Amino acid sequence: MAILQSSTYGKDNVKFLKVKKDPLNPKVHEVMEATVKVLLVGDFDVAYTKADNAPIVPTDTVKNTILVEAKKFDVFPIEGFVAHLGLHFINKYSHVSGVDIEIFQHRWTKYPVNGKIHDHSFLKDGEELRTASLKYKRSGEFVLKSGIKDLTVLKSTGSMFYGFNQCDYTTLKPTTDRILSTDVDSVWEWDSKKLGSLQNVISQARAGLFDSAYKSARETTLSLFALENSASVQATMYNMCEEILRLVPLVSTVSYSLPNKHYFLIDLSWKGLENDNELFYPSPHPNGLIKCTVGREKKAKF
Ligand SMILES: O=c1[nH]c(=O)c2[nH]c(=O)[nH]c2[nH]1
């Protein structure tokens, strides 16, 4: 006998671009281009086991919901919109017991023209994404995470790697000066006890909590990457996590997942040329992959 152990379904890659107009000056805009995923969990077993579609909220309806709610509700910041969508699906469908939602915000940045930021012209500022995800259960339990994805950075000095384990498989030479490059994937999880409810998430979104945390996390990532003489990817990412925890008290854990994108020094000695960290080969693969999650130390109870 077979048994359905778990299931979930919904719509992925739902895209929209929303123009937010300044009420006092309707030619001054912000734009939100987003890619959204919504998956539902609930009492859908008969659809799988008895070919009975009666409980299924079609994925097409899920897509329509995302677009209609994006029109009706403020989509800035994405943490507020993810909370709004979570509440919508749980409140509307009594047989939905949980939702799993992810929003990726694409990076459109206004640029200066004649020394002044233009009102409604944007440049696509790389592949970088701002992310928000929510797992929400009918019981009220939720896990809210924010993040940065695909922020590609490189430093051409100020990175070292030495003192590592040596064995008969080791060929890597220790270095005190190398290129360091990565695609930053950083996620910070919010303390749901302290946030309390999704209604409060929406209030905090309007009060600027998530925008200021995003700014702190992005600035911390970029400044520590630049300023540290990095001992390793591991040590640098830990320092970034620690600093974000310090700056954003409502965050409970910070995680980074960083590929180490190798650049190998090209040997030109055969031509009698010295290569003093000037000419490198960007090696597409393999890459290192280094991850960590840092939380807060529990205070001892007396
Ligand atoms: O920062 C690094 N961490 C490693 O674990 C590692 N391993 C390696 O080959 N190079 C590097 N660099």
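Axes are lines fitted to C-alpha atoms, for helices over the stretch in contact, and angles run from 0 to 180 degrees between N-to-C directions. Helices (H or I, at least four residues) and strands (E, at least two) are DSSP runs, numbered from the N terminus. The model is predicted, so local features need pLDDT of at least 70 and side-chain atom pairs count only at pLDDT 80 or more, while totals for chains, interfaces and linings use all residues. Residues are numbered from 1 along each chain as its sequence is written, and side-chain values use heavy atoms, with hydrogens and water left out.

The protein chain has seven helices and 10 strands. Its C-alpha trace spans about 75 × 65 × 50 Å along the principal axes. Of the 302 residues, 40% are buried. Here, buried means under 20% relative accessible area, exposed means over 50%, and partly exposed lies in between (1.4 Å probe, protein chains only). Contact means heavy atoms within 4.5 Å. Among contacts with a separation of 6 or more, 66% join residues 24 or more positions apart.

Helix packing was examined next. Two packed helices are described by the angle between their axes and the distance between the axes. Helix α6 (residues 209-227) and helix α7 (residues 233-247) have axes that come within 10 Å and cross at roughly 145°. This crossing of α6 and α7 is right-handed. A crossing is right-handed if the near helix is turned clockwise from the far one by less than a right angle, and left-handed if anticlockwise. From α6, the residues that meet α7 are Ser 216, Ala 217, Thr 220, Thr 221, Leu 224 and Phe 225. Their partners in α7 are Asn 239, Met 240, Glu 243, Ile 244 and Leu 247. By class, the contact of α6 with α7 holds six nonpolar, four polar and one charged residues. Ala, Val, Leu, Ile, Met, Phe, Trp, Tyr, Cys and Pro count as nonpolar, Asp, Glu, Lys and Arg as charged, and the others, Gly among them, as polar.

A second pair is formed by helix α3 (residues 78-92) and helix α5 (residues 198-207). Their axes come within 8 Å and cross at roughly 155°. That angle makes α3 roughly antiparallel to α5 (angles under 35 degrees count as roughly parallel, over 145 as roughly antiparallel, 65 to 115 as roughly perpendicular and the rest as oblique). The crossing of α3 and α5 is left-handed. On the α3 side, the contact is made by Glu 79, Gly 80, Ala 83, His 84 and Leu 87. On the α5 side, Leu 198, Gln 199, Val 201, Ile 202 and Ala 205 take part. Phe 210 lies in α6 and is buried, with a relative accessible area of 0%. Not counting residues up to four places away in sequence, Phe 210 touches Pro 77, Glu 79, Arg 130, Leu 144, Ser 146, Trp 190, Val 201, Gln 204 and Ala 205. The C-alpha atoms of Phe 210 and Gly 272 are separated by 55 Å, and these residues are 62 residues apart along the chain. Arg 218 also lies in α6. Arg 218 counts as buried because its relative accessibility is 18%. With residues up to four places away in sequence again left out, Arg 218 touches Arg 107, Glu 128, Ile 148 and Leu 151.

One position carries a database annotation. UniProt, in an unreviewed entry, places the feature "binding site" at Asn 260. UniProt positions are given in the numbering used here, feature names are shortened, and annotations may be inferred rather than shown by experiment. Asn 260 is found in strand β7 (residues 251-260). At 9% relative accessibility, this residue counts as buried. Leaving aside neighbours within four places in sequence, Asn 260 is in contact with Arg 178, Leu 180, Ser 181, Val 233, Asn 287, Gly 288 and Leu 289.

The peptide bond from Phe 76 to Pro 77 is cis, with omega near -10°. Pro 77 lies in the loop between α2 (59-72) and α3. A cis peptide bond also joins His 285 and Pro 286, with omega about 0°. Pro 286 is in the loop between β9 (280-282) and β10 (288-295). Asn 114 has phi near 50°, a positive value in a residue other than glycine. This residue is in the loop between β3 (96-113) and β4 (116-137). Asn 114 counts as exposed, at 82% relative accessibility. Asp 150 likewise has a positive phi, near 60°. Asp 150 is found in strand β5 (residues 142-155) and is partly exposed, with a relative accessible area of 31%.
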